[in-house]
Protein chains: 2
Amino acid sequence: MAEVTDIPWLNDDEQRMWRQWMGLNAELLATLNREMQADSGLSNPDYQVLVVLTDTAEGQIRVSDLATTLQWERSRVSHHVARMEKRDLVSRRGCPDDGRGAFVRITETGRAAIERAAPAHVLAVRRLVFDALTEDEVAQLNEIFGRLRSRAGLATTE
Amino acid sequence: MAEVTDIPWLNDDEQRMWRQWMGLNAELLATLNREMQADSGLSNPDYQVLVVLTDTAEGQIRVSDLATTLQWERSRVSHHVARMEKRDLVSRRGCPDDGRGAFVRITETGRAAIERAAPAHVLAVRRLVFDALTEDEVAQLNEIFGRLRSRAGLATTE
DNA sequence: GCACCATACATGACGTGTCACCTAACCGGC
DNA sequence: GCCGGTTAGGTGACACGTCATGTATGGTGC
């Protein structure tokens, strides 16, 4: 077993940055969620699903493709779509080509909801994030986040 | 109602960065949570609570102070501490000075759990984040995140 | 003392997310 | 045709978080 002194603990700068990062993440998510909820009754996950659906030509998509696009587990999609179906934001129907498959389709209510929510959401993201960043910083963050994401894919401890 | 063309939609660079950010955020949290769960049976929130408790001199803290430190709502603290109490990670006891108050205290089980979890957690954060960043980048990110946090009206003061 | 309000914390309802597991349908071999 | 493995998707149990509300105590003005 490793001794305490062997562990490469975070130094003060690293610790500060890590706390800022995690704190900011929590605040951003909470604020965006709260504002959208108040403005249009949609949650963040609702919004993500509806964005994908409006971006597809037919306004419908297979559950698995939705899962892949959102990087969600299929069971998560299943649960969430079920909840959204109860609120009439989407509808489900079987897939004629594949008896196991299912299509998720956006409803008129869903389309109305996201069209109402989108402008305020974008404004909020601008206000909270992009208004305070230069173009260079945006590019730099994009590069850094992309680097970390691709690294994370490779490095898995078994 | 505002026309679609009036909305300051995100441009391609901004959209890419925003998606990278949110995607990375989800992946980091999920990975850290999953690894710690597998390694020591603690969740991320569990870990945060135990860190605060081990950082206090007495190993105990008032519920409200815990909420302030973690930037959590008190009801969240209440729920979470209740769950942790069931697993014998912490214990609750009334406050003699203030009949309304309650102390949360770390148990031996809790102390053992976090001492077991901490090294792996730090190593994971290093592997996923700091190993891929230069010292300058860490400083820069710290500055940017701090700027966004204070702008959002949700200051740090740690 | 006694209203009156604020504070400290708990609780119930509900949406969200993960994990383990299930069923049903497809698909390749024979 | 049948058989065995894979795939699509759903479900139940449970942890997590928020909101609204409840309950008891503390404090303050009269």
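Predicted model: local features only at pLDDT ≥ 70, side-chain atom pairs only at ≥ 80, totals over all residues.

Which polar backbone atom is 2.9 Å from a phosphate oxygen of DNA strand C, that is, to which residue does it belong?

Author: The polar backbone atom you ask about belongs to B:Ala102, and it is 2.9 Å from a phosphate oxygen of DNA strand C. Chain B also reaches a phosphate oxygen with a side chain: an N or O atom of B:Arg74 is 3.4 Å from one. On the other chain, A:His79 turns to a base instead, with a polar side-chain atom 3.1 Å from a base oxygen of DNA strand C.

The largest share comes from α4(A), with 5 residues.

In total, 24 residues lie around DNA strand C, and the nearest are A:Gly99, B:Ser64, B:Ser78, B:His79 and B:Arg92. Looking from the side of the DNA, sugar and phosphate make up 62% of the atoms of DNA strand C that come within 4 Å of the protein. As for the kind of residue found on this surface, 11 are charged, 10 are polar and 3 are nonpolar.

Turn chain A by 180°, with a shift of 0.0 Å along the axis, and it can be laid on chain B with an RMSD of 0.1 Å. That is the relation of a two-fold axis. Within chain A, the C-alpha nearest the axis belongs to A:Asn25, at 3.7 Å from it.

There is also a record to set beside the model. In an unreviewed entry, UniProt lists residues 14-150 of chain A as "domain: HTH marR-type". In the model, this span is 71% helix and 9% strand, and its end C-alpha atoms lie 21 Å apart.

One last stop takes us to the cysteines. A:Cys95 has a relative accessible area of 8%, so this residue counts as buried. B:Cys95 is likewise buried, with a relative accessible area of 8%. A disulfide would need a pair of cysteine sulfur atoms within 2.5 Å, and by this rule the count over all chains is 0.

Definitions and conventions: Residues numbered from 1 in each chain as written. Chains lettered and ligands numbered in written order. Heavy atoms only, no water. Buried < 20%, exposed > 50% of the residue type's maximum accessible area, 1.4 Å probe, protein only. Near = heavy atom within 4 Å. Polar contact = N/O pair within 3.5 Å; in protein donor to acceptor, adjacent residues only side chain to side chain. Helix = DSSP H or I, 4+ residues; strand = E, 2+ residues; numbered from the N terminus. Nonpolar A, V, L, I, M, F, W, Y, C, P; charged D, E, K, R; others polar. UniProt positions renumbered as here; feature names shortened; annotations may be inferred. Least-squares fit on C-alpha atoms with pLDDT ≥ 70 in both.
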